[in-house]
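Hi,

Here is the structure I promised to pass on. Have a look, and my notes follow below.

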Amino acid sequence: MPTSHSRVGVASVCAAALTFSGIVVTGIVAAQPAAAADPAGYQNVRINEVTSSNSDTVELYNAGPAAVSISGWKMSDDGFVPQSFSPSSSTIPAGGFVTFNSPKGLGDSDKLVIYTADGTVVDRVDWATGAAKPAMARCGGDGTGAWVTTTVATTFGAPNAPGCPSSVPAASRVRINEVTSNGSDTVELYNGGTSAVSIGSWKYVDGDTTHAPVSIASSSPSATTIPAGGYVTFDSALGLGDNDSVFLLDGSGTTVDSVTWALNGAKPSDERCANGTGWFQTAVTATLGGANSCTGGGGGGQTGHLLGGGGALTSGCTPEAPSGTGATPTGTLAWPGGLDVTIADNVCAFTTSTGPEGRDLSGLAFDPANPSVLWAAKNKNWLYKLVKSNGKWIPDPSWSATGKQIRFAGGTGLPDSEGLTVGGNGHIYVTSERDNGNNTVPKDTVMEFDPAATGSALTPIHQWDMTSQFPQLNTGSKDDANLGFEGVGYVPDSWLTANGWVDPLTGAAYNPANYPLHGAGLFFAGLEWDGTLHVYGLNSDGTFTTFGTVSTGKASVMDVTFDAGTQRIIATCDNTCGETHTLMKVDTAGAIVPDVTYTNPAVMPVDNLEGFALAPASTCVNGFREAVWSDDGIYGFGTGTSSYGHALYSGTFPC
């Protein structure tokens, strides 16, 4: 395996997999596009102007559509020791500027690195002797243009002066074109210029700030010249980690190009698309020494990356290949949130004493009273209270480090627990479609559990059995019995009344007072059999009221949630319906109908992703919040990949 480096400024897993630093060639540099926007916004921030003349001033520019907080950010020079700085404002507005004076001083020949509060590298620029006097500024576009040494007054706090040199040196056309951290740790350079470039004195260094630059010639003795339109490859003598960088330096030590990737971003390789000029994307296969194939997940800076993962499959932790793949419904829209997705659990994390397979994590629900808690139901009758630790969702050790087993009423049976939701009373409501001790017979039930109950096993306070409503599932086939209640969502009465929902039982506006025992909301149970939602009032005396069905417009439903942020009921379907989420609203006639359907981020696997949850709007940062998916089969992308053996994925969704 490639070496993983411990260093200052590792890339955050919530960032896009590749970012670009400033590029300087003795004061005149080629333009480099700004990184794709990420939900946190920091990748839209760029060093825009810098001077090493007395004041040692730095200007940052926000190219993104939303303000970005830079509270707690730090900087370093070539001493690689980050220090806090005092900006003119703690927030950079969209299209705005912030300036600060370097607390360390900047030398005649130096570098500048900007970090977020957690040590993530935001941007970097290096310069040769005199290049930052009187100042260096991006030319041809704030935040994106080429770096030049200015000969006019500086423009700190305002847009940079227009105009660029009519030509740039041939050396500035050399780019890092492809890189892999998949064992060979190879770097490919491409010369997009019209003349050969000598690189005999050039060096490279990785992202470990304790490493000194290494001569390219020492790694590849024949790599002395790159012909016009040609390539040079070399294997990094420093090794390249799962989360690392490559910086290319010319003979004077000036940064020519750089690339940074997040966890597993350079596996099997990352390549520019288009060749030599475009953004980086993860490739399907490496094309070292030749034109890039650009057959990965997409280009143009809009490709998501799967981040994180790792770990080895434990004995008995067997992935289960997905089944039932179907077409995406017509009119489905692209995922509206961030394009990157993080593997959000430890490998084989949900093995139990009754099921060592380590899969079958299904229903998910954030706790509305405590957004730092994520509840999860595992098939084979287990319930988990999950909390964040080092970016991963793990069982809360104060509740149960191994989950709690759940039973049917009376403490018997093995509920095939599929969906869950948090009720208005803070209790956990879990659906089961059969008893796994008798799995050919349907048992479509909703069970209410008190999460404050002690002990390693939980027995329901109430249990409602709706099995008789679904005779089509009672055929003696375990497959049919497995197509019952797959998800459930608690929908507050306040939403139903405010939106004018018409009660199917009365034909008039829904009046909660007509049902005094049902609590403060209704429960929408998703039937996998046909994609319908079945609406129930669950009464405190153990009876229930049936309010009919709602069509989702999809062939199946795997999870149901009410999202206060979008004010919608969300019906989720896995690969059976193209990995989609249909948001449901109340129309002008008082009926609940589909509003819009989104697919998952393109980077995600096409698996039996049966659980889906959105964090409450109270957790929003820069207009985004967390979205979490669960994999019923921990299949990921197949044998040998980093996602194999994981059940949880984390991304972002608009507030």
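Strands here are DSSP E runs of at least two residues, numbered from the N terminus, and two of them pair if DSSP finds at least two bridges between them.

Before going on: this is a predicted model, with local features needing pLDDT of at least 70 and side-chain atom pairs pLDDT 80 or more, while totals for chains, interfaces and linings use all residues. Numbering runs from 1 along each chain as its sequence is written, and side-chain values use heavy atoms, without hydrogens or water.

Both strands sit in an open, antiparallel sheet of 4 strands, in the order β40-β41-β42-β43. β40 (559-563) and β43 (592-599) are the edges; each has a single partner strand, so one side of each has no neighbour in the sheet.

The other thing I looked at is Glu448, in strand β33 (residues 442-449). What does the Glu448 side chain have instead? Polar contacts (N or O pairs within 3.5 Å, one able to donate a hydrogen and the other to accept it) link it to the side chains of Asn425 at 3.2 Å and His462 at 2.9 Å.

Cheers
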